[in-house]
Amino acid sequence: MSSSESVRKTETVPEWKQDEVDELTDFVERYSSVGVVGVEGIPSRQLQSMRRELHGSAEVRMSRNTLLIRALEAVDDGVEQLTEHVAGQVALIGTNDNPFGLFQQLEASKTPAPISAGEVAPNDIVIPEGDTGVDPGPFVGELQQIGADARIEEGSIQVLSDSTVLEAGETVDADLENVLSELGIEPKEVGLDLKRVYSEGVLFAP
């Protein structure tokens with residue numbers, strides 16, 4: 001019996017939890033590279049399709065954070081360094097590809113998404129210059145109210161210059177959410193956000 005096994009047996013945990021930890025431990029041991037990915041803000045339907053897209057090259061495993069930490073500590077072997085990045089809504093990801101390929105694949109699979117009131121802007125939100133395609137009406141006032149350089153010209157509402165209506169780190173309000181949704185602007189990218197990967201003795205940051 002190895003020392004890590006004896007450590008695992010000494011703490012008494014409910015059987016379902018122990019089974020789950022054992023499964024997670026097998027998962028961690030099965031792959032040459034194991035990482036922690038953030039899954040916050042990803043609608044479950046999108047999450048399912050992302051997991052399907054990765055099928056064959058990487059596997060995502062979700063569980064309670066306490067159990068993820070327990071499994072990483074049980075494997076030990078350096079991979080326990082990932083535990084300090086298990087916070088918030090995260091999952092484990094395992095691959096036998098190299099970690100650089102994994103990072104590129106996850107970046108490529110990110111998709112634009114609308115942003116809602118109460119969310120923090122991940123980057124400056126800009127309403128681009130040009131014809132909004134919206135007929136003259138109260139919408140021009142809504143645009144001006146959020147700080148866009150808009151007026152009615154040639155029978156439609158025009159934005160006269162690229163207008164930054166919210167800076168990164170600021171919170172979206174309901175007025176801005178409505179305008180962005182009307183214009184079909186999706187300022188957010190959602191996807192599996194790679195926090196750290198442990199591969200062959202090295203802890204990689206993104």
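Predicted model: local features only at pLDDT ≥ 70, side-chain atom pairs only at ≥ 80, totals over all residues.

Visitor: Is glutamate 23 buried, partly exposed or exposed?

Guide: Glutamate 23 is partly exposed, at a relative accessible area of 43%. Arginine 61 counts as buried, because its relative accessibility of 17% falls under the 20% limit.

Visitor: Which other glutamate forms a salt bridge with arginine 61?

Guide: That is glutamate 20, with the closest N and O atoms 3.3 Å apart. Glutamate 20 lies in helix α2 (residues 15–30) and arginine 61 in strand β2 (residues 58–61), so this pair ties together parts 41 residues apart in sequence. Glutamate 20 and arginine 61 are both buried.

Visitor: And how many salt bridges does the structure hold?

Guide: There are six. One of them joins the side chains of aspartate 193 and lysine 110, at 3.7 Å from N to O. Aspartate 193 is in strand β11 and lysine 110 in the loop between α5 (99–108) and β4 (111–113), so the pair ties together parts 83 residues apart in sequence. Through shared partners, salt bridges also join Glu20, Glu23 and Arg61 into one network.

Visitor: For the aspartate 193 pair, what is the relative accessible area of aspartate 193?

Guide: Aspartate 193 has a value of 36% and is partly exposed. Lysine 110, at 17%, counts as buried.

Visitor: Changing topic: where is serine 33 found?

Guide: Serine 33 is in strand β1 (residues 33–38). Its relative accessible area is 2%, so serine 33 is buried.

Visitor: What does its side chain make a polar contact with?

Guide: The partner is the side chain of serine 199, at 2.8 Å. Leaving aside residues up to four places away in sequence, serine 33 touches several residues, including Ile93, Asp97, Pro99 and Tyr198.

Visitor: Now the backbone. Which residue other than glycine has a positive phi of about 45°?

Guide: Glutamate 200 has that value. This residue sits in the loop between β11 (193–199) and β12 (202–204), and glutamate 200 is exposed, with a relative accessible area of 71%. Glutamate 154, also not a glycine, has a positive phi near 50°.

Visitor: Where does glutamate 154 lie?

Guide: Glutamate 154 lies in the loop between β7 (150–153) and β8 (156–159). With a relative accessible area of 78%, glutamate 154 is exposed.

Terms used. Residues numbered from 1 in each chain as written. Heavy atoms only, no water. Helix = DSSP H or I, 4+ residues; strand = E, 2+ residues; numbered from the N terminus. Buried < 20%, exposed > 50% of the residue type's maximum accessible area, 1.4 Å probe, protein only. Polar contact = N/O pair within 3.5 Å; in protein donor to acceptor, adjacent residues only side chain to side chain. Contact = heavy atoms within 4.5 Å. Salt bridge = Lys/Arg side-chain N within 4 Å of Asp/Glu carboxyl O.
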